[in-house]
Structures are given as structure tokens and as C-alpha cells.
There are 2 protein chains.
Amino acid sequence: FQVDHFGFLEDDTFKQRYLVADKHWQQPGGPVLFYTGNEGDITWFCNNTGFMWEVAEELGAMLVFAEHRYYGESLPFGQDSYSDSKHLNYLTAEQALADFAVLIQNLKNTLPGAQQSPVIAVGGSYGGMLAAWFRMKYPNVVAGALAASAPIWQFPGMVPCGDFYKIVTQDFARSGYNCDANIRKSWKAINNVSSTVSGLQWLSEEFSLCAPLKTIIDVIGFKNWLQETWVNLAMVDYPYEANFLQPLPRWPIQVVCKNLAFDSNVSDYQLLHGVSQAAKVYYNYTGSSSCLNTSQTATGSLGALGWTYQACTEMVMPMCTDGVQDMFEPEDWNFQAFSDECKAMFGVRPRADWAGTVFGGKEIASHSNIIFSNGGLDPWSAGGVTHNITDSLISIMIPDGAHHLDLRYSNDLDPPSVRAARALEVKYFSRFYSHGCGYSCL
Amino acid sequence: FQVDHFGFLEDDTFKQRYLVADKHWQQPGGPVLFYTGNEGDITWFCNNTGFMWEVAEELGAMLVFAEHRYYGESLPFGQDSYSDSKHLNYLTAEQALADFAVLIQNLKNTLPGAQQSPVIAVGGSYGGMLAAWFRMKYPNVVAGALAASAPIWQFPGMVPCGDFYKIVTQDFARSGYNCDANIRKSWKAINNVSSTVSGLQWLSEEFSLCAPLKTIIDVIGFKNWLQETWVNLAMVDYPYEANFLQPLPRWPIQVVCKNLAFDSNVSDYQLLHGVSQAAKVYYNYTGSSSCLNTSQTATGSLGALGWTYQACTEMVMPMCTDGVQDMFEPEDWNFQAFSDECKAMFGVRPRADWAGTVFGGKEIASHSNIIFSNGGLDPWSAGGVTHNITDSLISIMIPDGAHHLDLRYSNDLDPPSVRAARALEVKYFSRFYSHGCGYSCL
């Protein structure tokens, strides 16, 4: 594939990885479910998108999982891909969408029986944004899209910056007595305890940190890591034991909150002991971690550096907290500071308004054939499309669902809302390509 | 404006020129007619798009004419913009569309009263293609588009490569006795006459060439120049005296053909005398040319080098002739030879299938609010949308029209078909933005 679809100077090509499963494909002409890979190894998304595997037979569909450039093994410049901003320059959503479009056109031209196959894009999270944008930008290539837990409106000026953390907080508030209140109190407790050398040492031991806290900078990093931990828990608050970002029990936030059900007279040390037990639910559910590493919060299958670069360029997602409607330390959204960090880290500055211009912002009503599914427990639903826009831009809410629960393998413990969502999604799939007017219109 | 909208390494900016006329604008909220500039100086397009000026008052519209990057004064790297393939790398339709989108968002954010103004894109020829693609890719930014004489299907695999020259030939066939037949015979006559040194000299004198023909290469160039002359005449066969590519009489092909009305027994020298008189109708209507320059066929306001680069990258438009259904020497479409020429000239190779993938090819039915107008006399109608696709992707045919006649100032000699076309276009404009559902849907 072209490293640069939008310029002709750089004529280098690279190998994009994609996985194909055609066991149930009814050729010729059976549909293709095309996973628009996001920021990680495609085999990991492939294994965590059981929904596609489960509906392949019913639809007679071929499955294709396409890896996003710069992640997994799809490195445009091999080991040098992340070496500097020059090599990172082709890491954009537009280039990734162009990769997907060219891949599909190639498959159609080379796979016998695929020429007339309608293609449905499927993705979750950033992959869901890509699925939605893919249909918007290349309706000639895909007949429709399922954008699961896709925060396409988490961009400047589109939704309040505090909604994301409000939802995280609500998840904790509903999952145990005083759970959000005690997390809200914990930041002050950390500040208090960490103000002495012995307190720092106590904290490091209590949390079994691999690298003991030494400075105020370490403490800030520690609090950020804890905040991210609560966010991740909100994302993966699934109704059954699962291993997405980490191996976790069913309804993990309820388990976490059992350690935080203190009354208001708890001491800082007691409170933080509870917090450490809570954090270990997330980091050491299997009991195999000898210490906790505050530089990592989730699976290594995700490409954190690449995503940071994308956030520093196009994917500018304002977030803020006020400590009142959410359980975090108050922090405004400060674009200038963010931009300066990006400049220091990668030598690039984000373009705050670009995503809204190029991907439509809130003005997407003229598009068609996109399902936006959202979980009520998922903080990313704050930036999602949670109401129907037209009769072919559909929102499906899953009140008991966390981050793209609908894309996961079905489970006996699935709530009825996600079962209904999946059934509806499949119904829309066939509607997207069975209108007798070719696969490009509703 | 960003030199590179699709990468963040190149953070240079450049000044894009645009012209604004708000005399008739009914602010706040009056519509904006936005000319998507094509391959030339924007002031020239501005002066040749009288239609916009004439309907501004009726619509209470503001007019904006935006210059396309790399043309006129909108040079991303100043005098170096054309120096090599590195500097030319940002000359693409995608970058130009992004310029237009960002320009409109900026105008809306800064011009009092423009925030809620619906925007209609208007363009002719390549500018018409841009107008259509602009609506397809940025429906959040423009409510609709008028794509006049826009050959969006003149790409590989979409229309027969010979149709373009067939239409040119039909124009000559209908404009005078034996006119196409004698042009068809002229190529052989040129070959015969140019086979001797004295014949070459006679030809050079007969055609008043600034640079006499000396070699067989010169003769090939001479024939190409003549062929392009007939094409240009077909494009500007307007029903009144006009100066678009050249100053010309009304119905110039009829005037040309008066010099070519020979019977079949004409000698090569007689025939070529007629051809030279015919060519001089195009090149010397005003009588001010002392000699004819075979290296130029049209106004210097068009950026020929930039367009050649665009044709050598994205804008791959197959053309062919067979000498039977058209009046030209037979020539197949040879992509490989074309690609090799591009590589030699610019160091880039064209991507034959990219335009079809990125701009939708023939699968555009899911888009909306685009008027495709085509002139029956215009060879570019071969690659145009000449039938309605949906009730908001409208084709308007102007049988007596040449290249985007509808965009020109009205004239007493305008045929009824172009008057009707303009009236219909204005009707659709207001329909595009008055549906009460915002400006993004039909």
C-alpha cells in the first residue's frame, strides 16, 4: 500500500496486515464484514470482536480484519516508523481510511465472487469512529457501518468536556456505597500522606509499586495512573469475567467498590488502604503481579505511543473535571498546554478544529447507513451519537453496556439490552445492502 | 492555510487568494455562493462566471471566489512552488478541497452574519468536479453544489475513452458541409506534404508559424496542436462573440467550417490552405497575431503546467481515437506510456484507480444536492453525469451549450435551453438550503 495516499512524491509502499475468514461466505456476492482496525494489534481486535464471528454464518458473510497503519505489524517504515515526526507523518485517520478503501477495491478485483459483495464496516471505539467516517467518506466502498462506542463528537466545541468523567463517576456511584465519594476524597488523602518521606514510602509499599514514589512529580504521575485506572474500569465494566484491558471479575466496579465502602470518618491511611485494594482488583485479579507498574494501565496490545501522536495531531479530545459533578481533582481543559506538550514530545502541534471540519462534526445528517451503538456505562458515550439523526443514521443505546459490549462474544450473563442491540444491528446490516438499488444507497 | 492538511510535519502555511462580493448579501444568514477555483487565476474565473453575479441579487447571496492552490497567486512555496516534485507534492484535489473547507469555516467564524449562512459550491470544468466532490466529502460545509460541465466520470473504466473525441467530431460534422471529413483527411495531407523539405517550408508559411517546422517531431507537435485547436473550439462553441480561451466570433465552428467545405477531390495543398484559414479563425480572429505559436492553444490565465502535473498524479483521464467514429488519427489509450512520460517529466507516476476510489466513481447515489449541468456540444460531457441519479443528484442537459455555457453572463443570443438551465439551477439552490432541517440535508 502507498505510504502516502495524498501525495505522489513519497512512492514507497508497505505491507498492511489483514485477516480473512471466509468459512461461512456465500459466494458469489455474499456480504463482507470489514473490521476497521484501530490503535493496536489486529489479532487482538479480531479475538475481541466475537460478534462478527457469531453473525458470519447467519449472514453468509466473509470477515476481514484490517490492521491500522503504524500498529501491530503494519509499520510503514518498519522499526523506524516511530523514530521521529518525519516517519510519523503518515499516521492519520485519513491515510488509514484510504488504506481500507484501497484494500477493499483490491479484494474485490482479485477475490473471485467478491466483485458484487456489499461491504459493511464494523469497528469499536476509535475503530468505530473509523467505521462511521469510512461510510461517510467512501460510500462507494462500504454500504453501511456499525460504529460501536465511537465518540465521534468528543472534539472541541461538540460536547461538554466534563461529561466523560461524569459518566465514570456515575458508574462508581451506582456500584457501591459511598464509592464515588471515597474516590473523590482519596486525592486529598494522597496529597496529605505523600507530604512526608515516610508517607511516600508507606504509599509505595501499600500499593506494591514497582518503582517507589520519590518526588512530587512521581505523586502527580501516581494520581494520573489511578485516575486512568478508574476510567479503564468504567470502560470494561462487563457483566461477566473478561480479559480486555486486564483480566477482571464480572462487574469489576462492584468488586472494586467493596473496598471503598467507608463512612465519612475514615482516616487517610484507611481510605488509601481501600484504594490500594481496589486498584489491585484491576491490576492483580489473577494474583500474578508481583508489583504494580504505574507506567502502564492496559494491555500491551494497544499502541499507546501511536495513539498519543494521533491525539497530538487530529484527535484532539477535550476532557475536564470539576471535582463536584465528578470524583476527580478539578482540572480545566487547557488546549495551549496540551499543544505545548505535543510540540515537546513529537515536534508537532494539534489542529483543534480539523477533525470537525474533515469528519463533519455534528452536521452529519446528509450521510446514511450508520449504526451508532453506545453503552450507558461507557464514558465514551459522552462523545457518542446517542439519538437517531435520520432513519438511516441510527443510535442504539445499551444501558447496561460498557465499552462496545455489543462487539464481544455473546455470554450467558449478557443483559437483554445487548442481546437486543445485536439483533437490531444484524437486521440493519441486511437492510443496508438489500434495497435493490445497489450497495451505495439506502 | 496549511500547506499540508493531511500531515502534521509540514507546518508551513501559505496565503490563499479569495475574492468576496457582498453587495447583495442579505445578512444575517443569506446564502453564500462559493466558486471552487480550478486550474487558473481566480480573477479570470471570476470574470467568466457571470451567472453568479447575475443571481446574487435574486438570492441575496454573498459571492466568494476561492483560488486553487498552485495557481494564480496562491503559491504554497512562492516562486519555488513548481521547482521540483517535492514542492509540487501538495498539489492535489484533496488538499484544495481541504483549503476550501477551512476557508469557509474561517469565514463563518469571523464574518458577522455568516455563521448560519448556507453555502452552495459552484464550479465549472475541473472546478465543477471540485464543487461536486466538495459536497460529497464535506456535506457539513456545503449544502449543495452546481457542477457545470464537470467530467467526474472521465476516469479509467468509467466511460469509453473515445467518446470525448466523438463529440468534438460531431460538433464539426453539424457545423458545415464535409467539415469533419476534411479534417479527417487533413492528417494524411500533412504527412504527405511534410515529407519533403519544401513541403515543410510551405506548411510553415501557410500556417504563419512563429517557429518553422524542421523535423518529424515538429510535425507531430504541429498535428497535436491542431488537434487541440479543434478540441478547444468544441469547448467554446458559444452562440455569441466571446473571449474565453481566445477571442472568437459567434458559433466559431461554423466560421471555421466555412474554410473546410471542400468536395472529395480537393488537393492536399488546397485542403491544408483551408485548414490554415480555419486555424486562424481560432488564433487570429482579432487580426493581431503576427504568427501562430504551436506551443500555446489557450489563454495564459490557465496554469497548464500545474494541470499536467495533476493529470500525471490523480487526474488520469483516458482518451483515445479511432479515425472512424472521430476525425482524428487513430491512437489507443496507453497508460504505461503516459506513466513513463509523467515519470520523466515530474518524477511521479499516476495512480490510475485512485480518483475512482476516493471520489466515488460511478457509485455516488448515496450523495445528495448536486446539480450536474452539461452542454451537448461540449466534449467534456462524455465524462459528465448526463442522467438524473436520484431526485437530489440532478442532471441538466443543455443541448446547444458548449463548455459550462450556463456559468457565463447571460446574452441576448443565448439559446432557450441555457436560460431554462439557469432558472432551474437557481430553483435548486434555494431547495438545497430551505428544507427546514439545517443546511446539511435535503
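Is S186(B) buried or exposed? In this predicted model, S186(B) is buried, with a relative accessible area of 1%. The residue belongs to helix α7 of chain B, which covers residues 179-193. Apart from neighbours within four places in sequence, S186(B) is in contact with L271(B), L272(B) and V275(B).

Another buried position in chain B is C46(B), at 8% relative accessibility. C46(B) sits in helix α1, residues 42-47 of chain B. Not counting residues up to four places away in sequence, C46(B) touches L19(B), W53(B) and F65(B). The C-alpha atom of C46(B) is 9.8 Å from that of E67(B), a residue 21 places away along the chain.

Strand β9 of chain B, residues 393-398, is largely enclosed by the rest of the structure, because five of its six residues are buried. β9(B) runs parallel to strand β8 (residues 370-375) of chain B, and six bridges join the two. Within this pairing, I370(B) stands opposite L393(B).

In chain A, two helices show what covers their buried residues. Helix α6 (residues 163-173) has F164(A), Y165(A), I167(A), V168(A), T169(A), D171(A) and F172(A) buried. These residues pack against α7 (179-193), α9 (216-235) and α10 (252-258) of chain A. In helix α12 (residues 304-311), the buried residues are G306(A), Y309(A), Q310(A) and A311(A). Their cover includes α3, α4, α5 and α13 (335-346) of chain A.

Salt bridges come next. Side chains of opposite charge can pair when their charged atoms come close. Over all chains, the structure holds 16 salt bridges. One of them joins the side chains of E73(A) and R17(A), with an N to O distance of 3.5 Å. E73(A) lies in the loop between β3 (62-66) and α3 of chain A, and R17(A) in the segment before β1 (18-21), so the pair ties together parts that are 56 residues apart in sequence. E73(A) is exposed at 57% relative accessibility, whereas R17(A) is buried at 17%. Both residues are part of a salt-bridge network that links R17(A), D41(A), E67(A) and E73(A).

K223(A) and E329(A) form a salt bridge whose closest N and O atoms are 3.2 Å apart. K223(A) is in helix α9 of chain A and E329(A) in the loop between α12 and α13, so this pair ties together parts that are 106 residues apart in sequence. K223(A) counts as buried at 10% relative accessibility, while E329(A) is partly exposed at 28%. In a further salt bridge, D340(A) meets R349(A) with the closest N and O atoms 3.0 Å apart. D340(A) is partly exposed, at 37% relative accessible area, and R349(A) is partly exposed, at 32%.

The last topic is the contact between the two chains. Chain A and chain B bury about 3,700 Å² between them, 57% of it on carbon and sulfur atoms. In chain A, F6(A), F8(A) and R351(A) lose the most area to chain B, together 23% of what that side buries. The contact takes 43 residues from chain A and 43 residues from chain B. Between the chains there are zero salt bridges, but 14 residue pairs are in polar contact, both residues being at pLDDT 80 or more. On the chain A side, α3 (85-88), α4 (93-110), α5 (126-137) and α14 (354-359) each supply at least two residues. α4(A) gives the most, with six residues. By class, the side of chain A that touches chain B has 15 nonpolar, 17 polar and eleven charged residues.

How values were computed
Residues are numbered from 1 along each chain as its sequence is written. Chains are lettered from A and ligands numbered from 1 in the order in which they are written. This is a predicted model: local features need pLDDT of at least 70, side-chain atom pairs count only at pLDDT 80 or more; totals for chains, interfaces and linings use all residues. Side-chain values use heavy atoms; hydrogens and water are left out. Contact means heavy atoms within 4.5 Å. Buried area is the accessible area (1.4 Å probe) that two parts lose on being put together, summed over both. A salt bridge is a side-chain nitrogen of Lys or Arg within 4 Å of a carboxyl oxygen of Asp or Glu. A polar contact is a pair of N or O atoms within 3.5 Å; within protein, one must be able to donate a hydrogen and the other to accept it, and residues adjacent in sequence count only if both atoms are side-chain atoms. Helices (H or I, at least four residues) and strands (E, at least two) are DSSP runs, numbered from the N terminus. Ala, Val, Leu, Ile, Met, Phe, Trp, Tyr, Cys and Pro count as nonpolar, Asp, Glu, Lys and Arg as charged, and the others, Gly among them, as polar. Buried means under 20% relative accessible area, exposed over 50%, partly exposed in between (1.4 Å probe, protein chains only). Two strands pair if DSSP finds at least two bridges between them.
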